[in-house]
Amino acid sequence: MVDDDRPEWFAPKRYGYGSGMPISWQGWAITIAFIALAMLIAVKFAHRPLLVVAALAPLTIVLMVITAKTTRGGWRWRWGEKD
């Protein structure tokens with residue numbers, strides 16, 4: 001069951017599983033913050049690649065949970081039909 005009160009920050013992908021592009025300022029803010037933090041971590045720990053992976057893994061999981069909860073129509077497999 002889909003909760004209609006959920007925010008819609010990301011568009012669904014037309015093909016496949018997951019989220020597409022951000023469709024609200026909150027989605028863009030989350031995306032830009034993720035990219036900025038990922039770049040900061042990569043630059044700061046460039047000499048320790050295992051630490052970069054260890055730091056980016058939880059950050060990526062948090063982004064995936066947020067996008068899954070805020071994608072219009074939720075995450076499901078799509079074959080190209082319009083929603």
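The legends below describe close-up views of a predicted model.

**View 1. Helix 1 and its buried face.**
Helix 1 covers residues 25-44, 20 residues in total. From its first C-alpha to its last it reaches 28 Å, close to the 28 Å expected at 1.5 Å a residue. Gly27, Phe34, Ala38 and Ile41 are the buried residues of this helix. Seen down the axis of helix 1, these buried residues fall within an arc of 70 degrees, so they line one face of the helix. They pack against strand 1 (10-12), strand 3 (19-22) and helix 2 (49-69). The face turned away from the buried side of helix 1 carries exposed residues, namely Trp25, Ile32, Met39, Leu40, Val43 and Lys44.

**View 2. Helix 2 and what covers it.**
Helix 2 has 21 residues, which should span 30 Å at 1.5 Å a residue. The end C-alpha atoms of helix 2 are 30 Å apart, which agrees with that value. Val52, Leu63 and Thr67 are buried in helix 2. The buried residues of helix 2 are covered by elements that include strand 1, strand 3 and helix 1.

**View 3. The contact of helix 1 with helix 2.**
Two packed helices are described by the angle between their axes and the distance between the axes. For helix 1 and helix 2, the angle is about 175 degrees and the axes are 10 Å apart. Angles over 145 degrees count as roughly antiparallel, and helix 1 and helix 2 are therefore roughly antiparallel to each other. On the helix 1 side, the residues in contact are Ile30, Phe34, Leu37, Ala38, Ile41 and Ala42. On the helix 2 side, they are Val52, Ala55, Leu56, Leu59, Thr60, Leu63 and Ile66. The residues of this contact divide into 12 nonpolar, 1 polar and no charged.

**View 4. Thr31 in helix 1.**
Thr31 lies in helix 1. Leaving aside neighbours within four places in sequence, Thr31 is in contact with Phe10 and Pro22. Gly16 is 15 residues from Thr31 along the chain, and the C-alpha atoms of these two residues are separated by 20 Å.

The loop between helix 2 and strand 4 (78-79) holds Trp75. With a relative accessibility of 25%, Trp75 counts as partly exposed. Apart from neighbours within four places in sequence, Trp75 is in contact with Tyr17, Gly18, Ser19, Met64, Thr67 and Ala68. Of these, Thr67 is one of the buried residues of helix 2. Asp5 lies 70 residues away from Trp75 along the chain, with 16 Å between the C-alpha atoms of the two.

**View 5. Arg78 in strand 4.**
Arg78 is located in strand 4. The relative accessible area of Arg78 is 4%. Buried means under 20% relative accessible area, so Arg78 is buried. Arg78 and Ala57 are 21 residues apart in sequence, and their C-alpha atoms are 26 Å apart in space.

Terms used
Residues numbered from 1 in each chain as written. Predicted model: local features only at pLDDT ≥ 70, side-chain atom pairs only at ≥ 80, totals over all residues. Heavy atoms only, no water. Helix = DSSP H or I, 4+ residues; strand = E, 2+ residues; numbered from the N terminus. Expected span 1.5 Å × (residues − 1). Buried < 20%, exposed > 50% of the residue type's maximum accessible area, 1.4 Å probe, protein only. Arc of directions from axis to C-beta. Contact = heavy atoms within 4.5 Å. Axes fitted to C-alpha atoms, helices over the stretch in contact; angles between N-to-C directions. Parallel < 35°, antiparallel > 145°, perpendicular 65-115°, else oblique. Nonpolar A, V, L, I, M, F, W, Y, C, P; charged D, E, K, R; others polar.
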